[in-house]
Amino acid sequence: MRLLIKRDNLFNHLSEPVLKTGHLNQLKAFKQHGRCTCYDHSVAVAKTALFLSMILPFRFKQKQLVRGALLHDYFLYDWHNVKLEKLHGFHHPHIACENAKRDFDLTPVEENIIRRHMFPLTPIPPRYKEAVLVTISDKICATREVFSALGRKISNGRPAAYLAHMFAFLIAFLPWR
Ligand SMILES: [Fe+2]
Ligand SMILES: [Fe+2]
């Protein structure tokens with residue numbers, strides 16, 4: 001519990017400059033998984049990665065970890081509604097990185113976090129341990145968000161919706177996402 005409070009205080013301190021600039025607030029308008037918005041997902045990924053960095057026996061660049069995690073899905077469109085020339089799952093790290101470079105001064109670690117967070121769907125692995133942490137945290141949060149949406153459907157007694165979300169979960173982790 002104390003560790004979570006410490007994590008939240010550190011997160012608030014490290015995230016404030018990023019949240020105040022750029023267009024991160026736009027992510028509140030876009031759904032990511034289930035009811036979760038891209039903004040909430042990005043915050044959850046950043047907090048999860050920061051928590052892991054506090055309990056693992058390695059030294060992490062925590063400021064860059066949080067900044068990269070907050071910007072990892074900075075693609076600024078609703079991927080459910082927009083028709084893209086290339087598949088969202090493969091291409092959005094590139095779009096997010098270009099947007100982030102336009103709005104922020106990125107370090108190589110931050111850029112690598114954004115570009116490589118979809119590994120192993122995208123074939124090049126993360127280069128830095130901060131990017132590995134965000135890649136893992138992204139999977140943890142996406143799984144939690146999809147299953148919490150499933151749980152709501154089950155508790156509402158809507159099996160058809162449950163099956164639809166199971167299908168959504170499957171495609172969320174497959175190459176045509
Ligand atoms: Fe992503
Ligand atoms: Fe993500």
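Trainee: Where does leucine 19 lie?

Mentor: Start with how elements are assigned: helices (H or I, at least four residues) and strands (E, at least two) are DSSP runs, numbered from the N terminus. Leucine 19 sits in helix 1, residues 2-20. Keep in mind that this is a predicted model, in which local features need pLDDT of at least 70 and side-chain atom pairs count only at pLDDT 80 or more, while totals for chains, interfaces and linings use all residues. Residues are numbered from 1 along each chain as its sequence is written, and chains are lettered from A and ligands numbered from 1 in the order in which they are written.

Trainee: Why does leucine 19 count as partly exposed?

Mentor: Count C-beta atoms, placed from the backbone: a residue is buried if 20 or more others lie within 10 Å of its own, exposed if 12 or fewer, and partly exposed in between. Leucine 19 has 13 such neighbours inside 10 Å, so it is partly exposed. Its C-alpha is 9.9 Å from that of leucine 71, which is 52 residues away along the chain.

Trainee: How many helices and strands are there in the protein?

Mentor: There are 7 helices and 2 strands. Along the sequence they run α-β-β-α-α-α-α-α-α. Of the 177 residues, 34% count as buried.

Trainee: What share of the contacts with a separation of 6 or more comes from residues 24 or more positions apart?

Mentor: First, the rule: two residues are in contact if their C-beta atoms, placed from the backbone, lie within 7 Å. Residues 24 or more positions apart make 60% of those contacts.

Trainee: Now helix packing. How do helix 1 and helix 3 cross?

Mentor: Two packed helices are described by the angle between their axes and the distance between the axes. Axes are lines fitted to C-alpha atoms, for helices over the stretch in contact, and angles run from 0 to 180 degrees between N-to-C directions. Here the axes of helix 1 and helix 3 come within 9 Å and cross at roughly 60°. Helix 1 is therefore oblique to helix 3. The cut-offs are these: under 35 degrees is roughly parallel, over 145 roughly antiparallel, 65 to 115 roughly perpendicular, and the rest oblique.

Trainee: Is the crossing of helix 1 and helix 3 right-handed or left-handed?

Mentor: Compare the near helix with the far one: turned anticlockwise by less than a right angle, the crossing is left-handed; if clockwise, right-handed. The crossing of helix 1 and helix 3 is right-handed. Leu10, Phe11, Leu14, Ser15 and Val18 of helix 1 meet Gln62, Lys63, Val66, Arg67 and Leu70 of helix 3. By class, this contact has 6 nonpolar, 2 polar and 2 charged residues. Ala, Val, Leu, Ile, Met, Phe, Trp, Tyr, Cys and Pro count as nonpolar, Asp, Glu, Lys and Arg as charged, and the others, Gly among them, as polar.

Trainee: Which residues of helix 5 are buried?

Mentor: Val109, Glu110, Asn112, Ile113, Ile114, Arg115 and Arg116. That is 7 of the 9 residues of helix 5 (residues 108-116), so the helix is mostly covered.

Trainee: At what angle does helix 5 pack with helix 4?

Mentor: Helix 4 (residues 88-103) and helix 5 pack at about 150°, with their axes 7 Å apart. They are therefore roughly antiparallel. Pro93, His94, Ala96, Cys97 and Ala100 of helix 4 meet Glu111, Ile114 and Arg115 of helix 5. The contact has 5 nonpolar, 1 polar and 2 charged residues.

Trainee: And how do helix 3 and helix 5 cross?

Mentor: The axes of helix 3 (residues 62-71) and helix 5 come within 8 Å and cross at roughly 35°. This crossing of helix 3 and helix 5 is right-handed. Gln64, Arg67, Gly68, Ala69 and Leu71 of helix 3 meet Val109, Glu110, Ile113 and Ile114 of helix 5.

Trainee: Which residues touch the most other members of the largest nonpolar core?

Mentor: A nonpolar core is a set of buried Ala, Val, Leu, Ile, Met, Phe, Trp, Tyr and Cys residues joined through C-beta atoms within 7 Å. In the largest one, of 31 residues, they are Ala46, Ala49, Leu65, Ala69 and Val134. Helix 2 (38-55) and helix 6 (129-155) are among the helices that each supply at least two residues. Helix 2 gives the most, with 7. Not counting residues up to four places away in sequence, alanine 69 touches Ser42, Val45, Ala46, Ala49, Ile113, Val134 and Ser137.

Trainee: Now backbone geometry. Which residues does the cis peptide bond with omega of about 15° join?

Mentor: Phenylalanine 119 and proline 120. Proline 120 is in the loop between helix 5 and helix 6. Also look at leucine 76, in the loop between helix 3 and helix 4. Its phi is near 60°, a positive value in a residue other than glycine.
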